[in-house]
Amino acid sequence: MPRPCLSRRHALMLPASAAAGAGALAACAPEDEGYGTAAPLRADDGSIPLEELPENASTLVNFGGQQPFVLIVRGTGEELTGYSGYCTHNGCALRQVETELDCPCHGSRFDATTGEVLVGPAVSHLPPVPLVVEGGAVRRDL
């Protein structure tokens, strides 16, 4: 039985096809930050001073480590609520655009105050992230 032969043209196209496919998959990776110039605040030592979080506003914070991005919704004083900074559809890091969180991978949008889904493909709200305030600094309550 004769074996099928791979034409030279098809053989030369394999590396290009593989590279294009890998690039498309990388765009959906959970590590994709997609922030451009609107990067979240950095909590270099795992905490951020409460005074850096504006009252009655939402702020994305990078706490470092695994799954570092947390949306912090601050009311007044120490009234804080935390939500995951990752899309519930495919795990991509979200970016904050005014009062919404946008997923750069597939276009889901979330309310930056409640974590509710505004536009799919995501169907689940952002899960809560427990926070604690100690000595005037905010950190995740692991």
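This is a predicted model: local features need pLDDT of at least 70, side-chain atom pairs count only at pLDDT 80 or more; totals for chains, interfaces and linings use all residues.
Is Cys87 buried or exposed? Cys87 is buried, at a relative accessible area of 4%, where buried means under 20% relative accessible area, exposed over 50% and partly exposed in between (1.4 Å probe, protein chains only).

Residues are numbered from 1 along each chain as its sequence is written, and side-chain values use heavy atoms, with hydrogens and water left out.

Now to the cysteines. Searching the whole structure turns up 1 disulfide, the term being used for a pair of cysteine sulfur atoms within 2.5 Å. The partners are Cys92 and Cys105, with 2.1 Å from S to S. Their link is left-handed, with -100 degrees about the S-S bond. Cys92 sits in the loop between strand S5 (80-84) and strand S6 (95-97), and Cys105 in the loop between strand S7 (100-102) and strand S8 (109-111), so the bond ties together parts that are 13 residues apart in sequence. Strands here are DSSP runs (E, at least two residues), numbered from the N terminus.

What about Cys87, then? Cys87 is in no disulfide, and its nearest cysteine sulfur, that of Cys103, is 3.9 Å away. Cys103 is likewise in no disulfide, with the sulfur of Cys87 as its nearest.

Here is the burial of these residues:

| Residue | Relative accessibility | Class |
|---|---|---|
| Cys92 | 1% | buried |
| Cys105 | 16% | buried |
| Cys87 | 4% | buried |
| Cys103 | 5% | buried |

How values were computed
Helices (H or I, at least four residues) and strands (E, at least two) are DSSP runs, numbered from the N terminus.
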